[in-house]
Amino acid sequence: MNLWVDADACPVVIKEILFRAAERTGIATTLVANQTLRIPPSRNIRMVQVPSGFDVADNEIVKRVAAGDLVITADIPLAADVIAKGAHALTPRGELFSAENIKAALNMRDFMDTLRASGVQTGGPAALSLGDRKTFASQLDKFLARHAGKA
C-alpha cells in the first residue's frame with residue numbers, strides 16, 4: 001500500500017500528521033504538487049512536482065495510484081477517480097470516501113456548483129479545527145491499522 005497526497009491544497013498540519021504516520025509505519029508516502037514543497041528527510045516520504053495547470057496533480061495521482069492505496073484529498077472528483085481504480089480517499093477533515101458514499105458527495109458538490117453559478121453565496125468551508133485534525137488522525141490510524149499489512 002502507498003499513501004498519496006494531493007498536496008497543493010493540503011493543510012500543513014495534516015501533512016505533519018502524515019509525515020509522522022509515514023515514519024511510524026514505514027508506508028511510502030508521496031506528495032504530488034505543482035510547486036516545490038518542504039518535506040522532512042525520510043526514506044518513506046517523497047515529493048513529485050508536476051507542471052502547473054488545471055488538474056495536473058490530480059491526473060498524476062490517478063495515473064500512479066493502485067488498488068488498495070490511500071489518497072488524501074479534499075477534491076471530490078479526484079476521490080471518485082481513485083475509488084474507481086480500487087483505491088481509497090480520505091479528506092483532511094477525516095471523511096473517508098467509499099464506493100457507497102462518493103456518488104452522493106459528487107451530487108452535493110455539483111448542486112453547490114450550480115447554486116454558486118446562479119449567484120447564490122454559499123460561503124466556503126470552515127477553517128480546519130482542532131476537532132477536524134483529531135478526526136483525520138483517528139481515521140488515518142484506523143485505516144492504516146486495517147490496511148497497512150495488505151500491500
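The model is a prediction, in which local features need pLDDT of at least 70 and side-chain atom pairs count only at pLDDT 80 or more, while totals for chains, interfaces and linings use all residues. Residues are numbered from 1 along each chain as its sequence is written, and side-chain values use heavy atoms, with hydrogens and water left out.

In soluble globular proteins, nonpolar side chains tend to be buried together. A nonpolar core is taken here as a set of buried Ala, Val, Leu, Ile, Met, Phe, Trp, Tyr and Cys residues joined through side-chain atoms within 4.5 Å, where buried means under 20% relative accessible area, exposed over 50% and partly exposed in between (1.4 Å probe, protein chains only). The largest such core holds 23 residues, and Leu3, Val5, Leu18, Ile72, Phe136 and Leu140 have the most contacts inside it. At least two residues of this core come from each of strand E1 (2-6), helix H1 (12-25), strand E2 (28-33), strand E4 (70-72) and helix H5 (130-147); helices (H or I, at least four residues) and strands (E, at least two) are DSSP runs, numbered from the N terminus. H1 is the biggest contributor, giving six residues. Beyond its neighbours within four places in sequence, Val5 is in contact (heavy atoms within 4.5 Å) with Cys10, Leu18, Thr29, Thr30, Leu31, Val32, Ile61 and Ile72. One of these partners, Ile61, belongs to a second, separate core of 20 residues, which also includes Ala80, Ile83 and Ala87.

Helix packing comes next. Two packed helices are described by the angle between their axes and the distance between the axes. Axes are lines fitted to C-alpha atoms, for helices over the stretch in contact, and angles run from 0 to 180 degrees between N-to-C directions. H1 and H5 pack at about 25 degrees, with their axes 11 Å apart. H1 is therefore roughly parallel to H5, given that angles under 35 degrees count as roughly parallel, over 145 as roughly antiparallel, 65 to 115 as roughly perpendicular and the rest as oblique. Their crossing is right-handed; a crossing has this hand if the near helix is turned clockwise from the far one by less than a right angle, and is left-handed if anticlockwise. On the H1 side, Val13, Ile14, Ile17, Leu18, Ala21, Arg24 and Thr25 meet Arg133, Phe136, Ala137, Leu140, Asp141 and Leu144 of H5.

The pair formed by H2 and H3 packs at an angle of about 15 degrees, with axes 9 Å apart, so H2 is roughly parallel to H3. This crossing, too, is right-handed. Asp58, Ile61 and Val62 of H2 make the contact with Leu78, Asp81 and Val82 of H3. Within H2, the buried residues are Ala57, Asp58, Glu60, Ile61 and Val62, and they pack against E1, E2, E4 and H3. In H3 (residues 76-84), Ile76, Leu78, Ala79, Ala80, Val82 and Ile83 are buried. At the start of H3, a side-chain oxygen of Asp75 comes to within 2.9 Å of the backbone nitrogen of Leu78. Just after H3, Gly86 has a positive phi of about 90 degrees.

Several individual residues complete the picture. Ala7 lies in the loop between E1 and H1 and counts as buried because its relative accessibility is 0%. Not counting residues up to four places away in sequence, Ala7 touches Lys15, Leu31, Val32, Ala33 and Leu37. In H5, Asp132 counts as buried at 18% relative accessibility. The side chain of Asp132 makes a polar contact of 2.6 Å with that of Arg93; such a contact is a pair of N or O atoms within 3.5 Å, where, within protein, one must be able to donate a hydrogen and the other to accept it, and residues adjacent in sequence count only if both atoms are side-chain atoms.

Gln49, in strand E3, is partly exposed at 46% relative accessibility. Its side chain joins that of Thr36 through a polar contact of 2.9 Å. Although 17 residues apart in sequence, Gln49 and Val32 are 6.0 Å apart in space, C-alpha to C-alpha. Asp55 sits in the loop between strand E3 (45-49) and helix H2 (56-64). Although Asp55 is not a glycine, it has a positive phi of about 65 degrees, and at 30% relative accessibility Asp55 counts as partly exposed.
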